[in-house]
Amino acid sequence: MFSRVHALDLRIDAWVERIRSPQLDPVFYGLSSAADHGLLWLLAGAGRAARSGDPAVALRMGAALGVESLLTNGPIKAMFRRVRPEDDRPPEGPLPYGMHRPITSSFPSGHAASGFTAATLLAGGPATPLWFALAALVASSRVYTRMHHTSDIVAGAALGIGLGVIARRLVPLD
């Protein structure tokens, strides 16, 4: 099974390599950078709090994302220690568009986990598909920027949805 997952990762990496372009770089590198440390999702929580008039909404979003990040980037990534995709950029040089070079394991994707945790928390109204689309774009940006394998983002998305479902019960935004 692992060989099939690895083969799929390699096929998708090769496809993404063919579509990478200077026109798409600002979009995908920008999305990836905007979601560093869950900032994009914390801003979404602040926006929800402002619309609802309840500042506690932002605090609940921050708490949920903090727990997600602690779990994902701590014990969960430590269990796997997966190496990130190969990259032809010098390891000591800066990355484009202000991106930061992660030091944690590649599996699962923290960007995907936080994005799908947030989307699950924000879900429930007419914008629900947009939240999940944005989470998917952020997650996909991590493959585009060579920070993750596709299987990393799929696992991160599943983890994020699971943590989001738990968070909705414990710290609902509404």
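Reply: Let's start with a term: on a 1 Å grid over the protein atoms alone, a pocket is an open set of points where a 1.4 Å probe fits, with protein on both sides within 12 Å along at least five of seven lines. Its volume is the space filled by probe spheres set on the points, which are joined across faces, edges and corners. This is a predicted model, so local features need pLDDT of at least 70 and side-chain atom pairs pLDDT 80 or more, while totals for chains, interfaces and linings use all residues. Residues are numbered from 1 along each chain as its sequence is written, and side-chain values use heavy atoms, with hydrogens and water left out.

Me: What volume does the largest pocket have?
Reply: Rolling a probe the size of a water molecule over the atoms shows where empty space is left. Here the largest pocket comes out at about 460 Å³. It has 24 lining residues (those with an atom within 4 Å of a point), and Asp36, His37, Asn73, Gly110 and His111 sit closest to its centre.

Me: Which elements give two or more residues to that lining?
Reply: Helix 4 (56–80) and helix 5 (110–122) do; helices here are DSSP runs of H or I, at least four residues, numbered from the N terminus. Helix 4 supplies the largest share, seven residues. By class, the lining has six nonpolar, 12 polar and six charged residues (Ala, Val, Leu, Ile, Met, Phe, Trp, Tyr, Cys and Pro are nonpolar, Asp, Glu, Lys and Arg charged, the others, Gly among them, polar).

Me: At what angle do helix 3 and helix 4 pack?
Reply: Two packed helices are described by the angle between their axes and the distance between the axes. For helix 3 (residues 39–52) and helix 4, that's about 155°, with axes 7 Å apart (lines fitted to C-alpha atoms over the stretch in contact, angles from 0 to 180 degrees between N-to-C directions). The two are therefore roughly antiparallel (over 145 degrees). Helix 3 and helix 4 cross right-handed, meaning the near helix is turned clockwise from the far one by less than a right angle. Contact (heavy atoms within 4.5 Å) involves Trp41, Leu42 and Arg48 among others on helix 3, and Val57, Met61 and Leu65 among others on helix 4. The contact residues divide into eight nonpolar, three polar and one charged.

Me: How do the axes of helix 4 and helix 5 cross?
Reply: They come within 10 Å and cross at roughly 150°, so helix 4 and helix 5 are roughly antiparallel as well. Helix 4 passes helix 5 right-handed. Residues in this contact include Met61 and Glu68 of helix 4, plus Gly110 and Leu121 of helix 5.

Me: At what angle do helix 5 and helix 7 cross?
Reply: Roughly 35°, with the axes of helix 5 and helix 7 (residues 150–170) coming within 7 Å. Helix 5 passes helix 7 in a right-handed crossing. Among the contact residues are Phe116 and Leu121 of helix 5, and Ile153, Gly160 and Arg168 of helix 7.

Me: Which peptide bond is cis?
Reply: The one from phenylalanine 107 to proline 108, with omega near -10°. Proline 108 lies in the loop between helix 4 and helix 5. Arginine 81 is placed in the loop between helix 4 and helix 5 too, and has a positive phi of about 50° although it is not a glycine.

Conventions
Angles under 35 degrees count as roughly parallel, over 145 as roughly antiparallel, 65 to 115 as roughly perpendicular and the rest as oblique.
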